[in-house]
Amino acid sequence: MSLETLHPAPAFKDFLPIEYKDLVEHGPYGNPKKVTDMGKFKEVIEEHPMCAGCAMTLFIRLVYIGMPNPEHTIVVGTAGCGRLAISQASVPFIYGNYGDTNAVASGLKRGLEVRFPEQKKDVVVMAGDGGLIDIGFQGMMHSWFRKEKFTTIMLDNEVYGNTGGQESGMTNQGKVLKMAPRGKFGEKIDAMGLAKVAGVDYIARLAPTNPARVARTVRRAIMVAREIGHSYIQAYTSCNIEYSIPTPDVMKDAFEIEKERYGFEEVISPQAKEYLDEVEKKAKKKKSA
Ligand SMILES: Cc1ncc(C[n+]2csc(CCOP(=O)(O)OP(=O)(O)O)c2C)c(N)n1
Ligand code: SF4
């Protein structure tokens, strides 16, 4: 997809739904938006059937705003709450089977490089903690070791939310959930540590407390994956249903958890750092010109 592809033929313009025209004229295609413009432009995702107040939804909206080139991006996901919103976005979405998201993304990215040598295409895997650290663990780890040029985003709500509250590898030790009545047996898996061991070029952990930082982190991760190697973002996206967080307190919880154990962390390889410095310097120059 590109902005040119999206532009309707003049003869059809009057017959297309207003939402479509809005998206082409006022969306982020070809003209990335800032999070401070949220609510003032046509977002690539607006309607979704996720629970009211779910922090994962806010995070997913920010991911789409942060994409440097949504018109040339493909998202790969799988079963889990997040895909309920991801599949509503105006960015192509591939619903991978459980366990194969990162294998699908590897093949897809390699194929896109052959098919479109003149146009960089960004591939992003966005799935739950259960989908990645448990069921998709093998495929995820191998894509990291192979330095596949795409981004993995873990929507870490520390539970299997979509199936009613089973523990995941990312649940904290001892946590009692509806379907873990005796409390989680093992420790929360150190996925950040695994990413470091695997040599992932850009690694970040964050909570959705600072929208501009989420968008910047997503942009950085995607840019690194475009040119250098793999990137991984781990985001705390609480499940207010399974963790019984009253909807008005969802952001309060995000701030508390961030302070306690989910602080912002960024680990960047020297090659990725050099590349990002160059890209960001160029962007600053362009802005001030
Ligand atoms: C092969 C397969 N096994 C099991 C399921 C059932 N299933 C759907 S969503 C889900 C868990 C999702 O947990 P997570 O990936 O953490 O995402 P969340 O819903 O918490 O966002 C499971 C086990 C499935 N759809 N397909
Ligand atoms: S079950 Fe939890 S993670 Fe899923 S949509 Fe509802 S609040 Fe969000």
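Helices (H or I, at least four residues) and strands (E, at least two) are DSSP runs, numbered from the N terminus. These legends describe a predicted model, in which local features need pLDDT of at least 70, side-chain atom pairs count only at pLDDT 80 or more, and totals for chains, interfaces and linings use all residues. Residues are numbered from 1 along each chain as its sequence is written, while chains are lettered from A and ligands numbered from 1 in the order in which they are written.

Figure 1. Along the principal axes, the C-alpha trace spans about 65 × 40 × 40 Å. Of the 289 residues, 44% are buried; here a residue is buried if 20 or more other C-beta atoms lie within 10 Å of its own, exposed if 12 or fewer, and partly exposed in between, with C-beta atoms placed from the backbone. Two residues are in contact if their C-beta atoms, placed from the backbone, lie within 7 Å. Among contacts between residues at least 6 apart in sequence, 67% join residues at least 24 apart.

**Figure 2. The open sheet, with seven strands in the order E2-E1-E3-E4-E6-E5-E7.** The pairing in this sheet is mixed, and two strands pair if DSSP finds at least two bridges between them. At the edges are strand E2 (93-95) and strand E7 (265-268), each of which pairs on one side only. From one strand to the next, the twist averages 15°; axes are lines fitted to C-alpha atoms, for helices over the stretch in contact, and angles run from 0 to 180 degrees between N-to-C directions. As a reminder, strands of a sheet pair through backbone hydrogen bonds, either parallel or antiparallel.

**Figure 3. Strand E3 (residues 122-128) beside E1 and E4.** Seven of the seven residues of E3 are buried. Strand E1 (residues 73-77) pairs with E3 in the parallel sense over four bridges, and Val-75 has Val-124 of E3 as its bridge partner. E3 also pairs with E4 in the parallel sense, over five bridges. Here Val-124 has Thr-151 of E4 as its bridge partner, and Met-126 has Ile-153 of E4.

**Figure 4. Strand E4 (residues 151-156), covered on both faces.** Six of the six residues of E4 are buried. One side carries Thr-151, Ile-153 and Leu-155, and the other carries Thr-152, Met-154 and Asp-156. E4 pairs with strand E6 (residues 231-236) in the parallel sense over six bridges, and Leu-155 stands opposite Ala-235 in E6.

**Figure 5. The surroundings of ligand 1, with 18 residues.** A residue is near a molecule or strand if its C-beta atom, placed from the backbone, lies within 6 Å of it. By class, the shell has seven nonpolar, 10 polar and one charged residues; Ala, Val, Leu, Ile, Met, Phe, Trp, Tyr, Cys and Pro count as nonpolar, Asp, Glu, Lys and Arg as charged, and the others, Gly among them, as polar.

**Figure 6. The surroundings of ligand 2.** Take a look at the residues around ligand 2: among them are Cys-51, Cys-54, Cys-81 and Cys-239. The shell also includes Met-50, Met-56, Gly-161, Asn-162 and Glu-242. By class, the shell holds seven nonpolar, four polar and one charged residues.

**Figure 7. Helix H5 (residues 101-115) packed with helix H7 (residues 137-145).** The two helices pack at an angle of about 40°, with their axes 7 Å apart. From H5, Thr-101, Asn-102, Ala-103, Ala-105 and Ser-106 meet Gly-139, Met-140 and Ser-143 of H7. The residues of this contact divide into three nonpolar, five polar and no charged.

**Figure 8. Positive phi at Glu-158 and Ser-244.** Phi of Glu-158 is near 60°, and this residue is placed in the loop between E4 and helix H8 (191-198). Glu-158 counts as buried because it has 26 C-beta neighbours inside 10 Å. Phi of Ser-244 is near 50°, in the loop between E6 and helix H10 (250-260). Ser-244 counts as exposed because it has 8 C-beta neighbours inside 10 Å.
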